[in-house]
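Please look over the sequence and the structure below before reading on.

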Amino acid sequence: VPQYLLELNPALSLHQNLNEYAFKSSGFFFREFDRLFVSHFAQHPTYEQALRALSERRMTPTELAAKCQLTGGGTLSARIKELELAGFVRVLSPVDKPPNSRLIQYSLDDEYLHFYFRFIEPHSAEIVSGNVSFSQLAASRAFEQWRGYAFERLCRKHARQFADHLRFGGVSHRSGAWFQRGTANRAGGQIDLLFVRADKVLTVCEMKYAD
């Protein structure tokens, strides 16, 4: 993120910056995806397949293996571990379960890649020909939806600040999403952000973004 901020021109608005540097074929953010993968993961196509799949939604290991046509177990785990170490993927388990829970989900954790897969790559031909701008996309329902999910991710990444602001930062706690699968006897469910506190209080957070 610091490098990306340095690429922006503070004299321009956000829309102007994105028009200039993401929606022109010579722009830094238009070319950044190829640079990332040449320098990090060009030796194996599985990495890119996994990230493309996770850009659509969170997935369980079984779902991701099927999407990428991979065998489960060691092969998939090794690839995901490398993507996690590089900061591209986050492994999520329900906040009330251990990290090695069978309920884990994989989530794309890189904000640039979320934006690239949703808005830059699908319009790459139009960007090269100069027939699309960020301002056009920013008025779309797809962008509003994307911004809502981006806000949720931002909040989860700053859970520590929420705890401090709500004045229980000094209390030992765990935080994260909570989710459970539906079964014949119970409904599935999800909480965006849950704090499980040592003072026997649960703090439940629902994140909503509105323009």
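This is a predicted model: local features need pLDDT of at least 70, side-chain atom pairs count only at pLDDT 80 or more; totals for chains, interfaces and linings use all residues.

Two or more lining residues come from each of β1 (89–92), β2 (105–108), α7, α10 and β4 (189–197). Among these elements, α10 gives the most, with six residues. By class, the lining of this second largest pocket has twelve charged, six polar and six nonpolar residues.

The largest pocket has a volume of about 950 Å³. It is lined by 27 residues, and Tyr4, Glu111, Tyr112, Phe115 and Trp146 are the closest to its centre. At least two lining residues are supplied by each of α1 (2–7), α2 (14–21), α3, α7 and α10. Helix α10 again has the largest share, here with seven residues. The lining of the largest pocket divides into 18 nonpolar, seven charged and two polar residues.

Aromatic rings are the next topic. A pair of such rings is described by the distance of the centres and the angle of the planes. The structure holds 20 aromatic pairs. One of them joins Phe33 and Tyr116, with 4.6 Å from centre to centre and 10° between the planes, and is stacked. Phe33 belongs to helix α3 (residues 28–40) and Tyr116 to helix α7 (residues 111–120), so this pair ties together parts that are 83 residues apart in sequence. Residues count as buried under 20% relative accessible area. Phe33 is therefore buried, at 3%, and Tyr116 is buried as well, at 8%.

A second example is the pair of Phe151 and Tyr209. The ring centres of Phe151 and Tyr209 are 6.1 Å apart and the planes stand at 55°, so the pair is tilted. Phe151 lies in helix α10 (residues 141–157), while Tyr209 lies in the segment after β5 (202–205), so parts 58 residues apart in sequence are tied together. Phe151 is partly exposed, with a relative accessible area of 29%, and Tyr209 is also partly exposed, at 32%.

Some aromatic residues form a group. One aromatic cluster is made up of Tyr4, Phe28, Phe29, Phe33, Tyr112, Tyr116 and Phe117.

Key
Residues are numbered from 1 along each chain as its sequence is written. Side-chain values use heavy atoms; hydrogens and water are left out. Rings of Phe, Tyr and Trp (its six-membered ring) pair if their centres lie within 6.5 Å; planes under 30 degrees apart count as stacked, over 60 as edge-to-face and the rest as tilted. Helices (H or I, at least four residues) and strands (E, at least two) are DSSP runs, numbered from the N terminus. Buried means under 20% relative accessible area, exposed over 50%, partly exposed in between (1.4 Å probe, protein chains only). On a 1 Å grid over the protein atoms alone, a cavity is a set of points where a 1.4 Å probe fits but cannot get out, and a pocket is an open set with protein on both sides within 12 Å along at least five of seven lines; lining residues have an atom within 4 Å of a point. Grid points are joined across faces, edges and corners, and a volume is the space filled by probe spheres set on the points. Ala, Val, Leu, Ile, Met, Phe, Trp, Tyr, Cys and Pro count as nonpolar, Asp, Glu, Lys and Arg as charged, and the others, Gly among them, as polar.
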